[in-house]
Amino acid sequence: MSSNIDFTRPAEPPPSPLPRAEPCVLVIFGATGDLTQRKLIPALFSLANNQCLASDFQIIGIGRREMDDARFREQLREGVAQSSEIRAFKEAAWNDFASRISYLSGNFLEPDTYQSLAERLAEFSTANRLFYLATAPSATPVIIQRLADVGLEREDRGFSRLVVEKPFGHDLESARELNRLIAEVFEERQVYRIDHYLGKETVQNVLFFRFGNALFESVWNRNHVEYVEITAAESLGVGSRAGYYQESGALRDMVANHLLQLLALTAMDAPVELDADSVNDKKAEVWRSIRPMTSDEVASRTVRAQYVASTIDGASVPGWHEEPNVPSDSRTETYVALDLRIDNWRWAGVPFYLRTGKRLARQVTEIAVHFRQPPLSFFPCQDCLQSNVIILRIQPDEGISLTFGAKEPGTSRRAVPVSMDFCYHSAFAEAPPSAYAVLLLDALRGDLTQFTRCDGVEAQWRIMTPIETAWAACDGVSLPTYAAGSEGPHEADGLLEWNGHAWRSIGDAQWACQI
């Protein structure tokens, strides 16, 4: 038996308008790619509709395909009109926004492309420039060097900023080398390493929830918390990303950035203030407190697996090895679960369980903080209750839930589980801006708080690289499997059972927050 108590915020004045960015020319390398069409341009169009962009804001797209401005704008229009992030597409608004967009055809490797770009930028009234690298990671060093060759990294009359998409390297050595190459051209304050998870509303709310409420922060430590789960489950397979995923795998694709960011926000101590350096200092402290695993620890505290063919909702779906462009002998993991330990005063002895995977029972990303049981049980059936859990749901239905025990109505003294649920969609009239809109606006305004600093990148890889190395040394060992549409491999259950814990169900758990 369970029930739900709905918590919504009291009526209050409408929220303040979003801040307005300075005039700027945004240069997108890889402008004809999927990221630009599906995420960047819809986010920028949304910002324009919310009056967040200056009247002389401009966009230059750079790509290898030959096309004129009109064809490029029409291609982008198709993506914006179909985007779920645009609630009401209006032709007049698009035409006004599209007039700011131009296209430059060129090869990223050729110096002539950058000379043409410099000449194009000189035509605009603003000297502020934001370079967005929506390209393959291999192109990053070349683009950075070519920008420096024509002096576009300098800030003589306005700012010059660089946005770099993940992955930031593929191991500790490559991350250090990438940071070194960037530092030769740009100062750290000019560099925005973007992780779109940090722009999601519930992710940003983690710090406000913890440090803005004494009720929760006072119990947010090893004395009261038994364990923490961080889950990022996807119901879809790799789709058209098999080539990329074959090289990255679940560990590099999700854990080495997204999930470690969620872990840091959950575990960090309070910063001195909410500025970029203070927040990044505290996150880096968490990552440095996680000792790299030995080979034996990797064997006992990590699980990797691959999905196999199954039937979902009556339809057959292929396994990882049957996906297009996946080698038949591929050992790339599509699922990973980890037991990480933070060796500091606040969290000593508390397991942080991370899991992520493709083709799982449903799509869900959440942080679940499990509290210890009361020291004495004297209510009937209290032993059968789950412990208090705070769940921060990041997607699909953003919200926060608190489960606790309450007396069942009537003459009995039975304790039953109930929950208090906060839902963003019901509590706030307006939908929050998309993650990319939030982060693009921050980059345009020069706010680095939600971006990863160079030392943070290296600290994350210091945790992940020994795991990859130990896995590579076990190439002859067969990988566990799990059926597509399931909860994942049973070996991952054993990872928690060893400590007397259990995962929250991905497929069966229902979320009280409904749109």
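## An exposed loop residue

Asp 313 sits in the loop that links β10 (310-312) to β11 (315-317). The model is a predicted one. Is Asp 313 buried or exposed? Its relative accessibility is 81%. Residues over 50% count as exposed, so Asp 313 is classed as exposed.

Asp 313 can also be placed relative to Gly 485. In sequence, 172 residues separate Asp 313 and Gly 485. In space, their C-alpha atoms are 9.1 Å apart.

## A buried helix residue

Ser 248 belongs to helix α9, which covers residues 242-267. Its relative accessibility is 9%. The cut-off for buried is under 20%, so Ser 248 counts as buried.

Which residues does Ser 248 touch, leaving aside its neighbours within four places in sequence? The contacts are Asp 253, Glu 333 and Glu 468.

## Two helices packed together

Two packed helices are described by the angle between their axes and the distance between those axes. Here the pair is α1 (residues 34-49) and α2 (residues 69-82). The angle is about 80 degrees, and the axes lie 8 Å apart. Angles of 65 to 115 degrees count as roughly perpendicular, so α1 is roughly perpendicular to α2.

Which residues make the contact? Helix α1 supplies Thr 36, Gln 37, Ile 41, Pro 42 and Phe 45. Helix α2 supplies Gln 75, Leu 76, Gly 79 and Val 80. By type, the residues of this contact divide into 5 nonpolar and 4 polar, with no charged residues.

## The chain as a whole

How many helices and strands does the chain have? Its secondary structure comes to 15 helices and 18 strands. The C-alpha atoms fill a box of roughly 80 × 60 × 50 Å along the principal axes.

The radius of gyration is 24 Å. A compact globule of 515 residues would have a value near 24 Å, so the chain agrees with that expectation.

## Burial, contacts and surface

Of the 515 residues in the chain, 53% are buried. Ser 248 is one of the buried residues.

Contacts also reach along the sequence. Take those between residues at least 6 apart in sequence: 78% of them join residues at least 24 apart. The chain exposes about 23300 Å² of surface. Carbon and sulfur atoms supply 50% of that area.

Key
Residues are numbered from 1 along each chain as its sequence is written. This is a predicted model: local features need pLDDT of at least 70, side-chain atom pairs count only at pLDDT 80 or more; totals for chains, interfaces and linings use all residues. Side-chain values use heavy atoms; hydrogens and water are left out. Axes are lines fitted to C-alpha atoms, for helices over the stretch in contact, and angles run from 0 to 180 degrees between N-to-C directions. Helices (H or I, at least four residues) and strands (E, at least two) are DSSP runs, numbered from the N terminus. Angles under 35 degrees count as roughly parallel, over 145 as roughly antiparallel, 65 to 115 as roughly perpendicular and the rest as oblique. Contact means heavy atoms within 4.5 Å. Ala, Val, Leu, Ile, Met, Phe, Trp, Tyr, Cys and Pro count as nonpolar, Asp, Glu, Lys and Arg as charged, and the others, Gly among them, as polar. The radius of gyration is taken over C-alpha atoms; the globule rule is 2.2 Å times the number of residues to the power 0.38. Buried means under 20% relative accessible area, exposed over 50%, partly exposed in between (1.4 Å probe, protein chains only). Accessible areas come from the Shrake-Rupley method with a 1.4 Å probe; for residues, only the protein chains shown count as cover.
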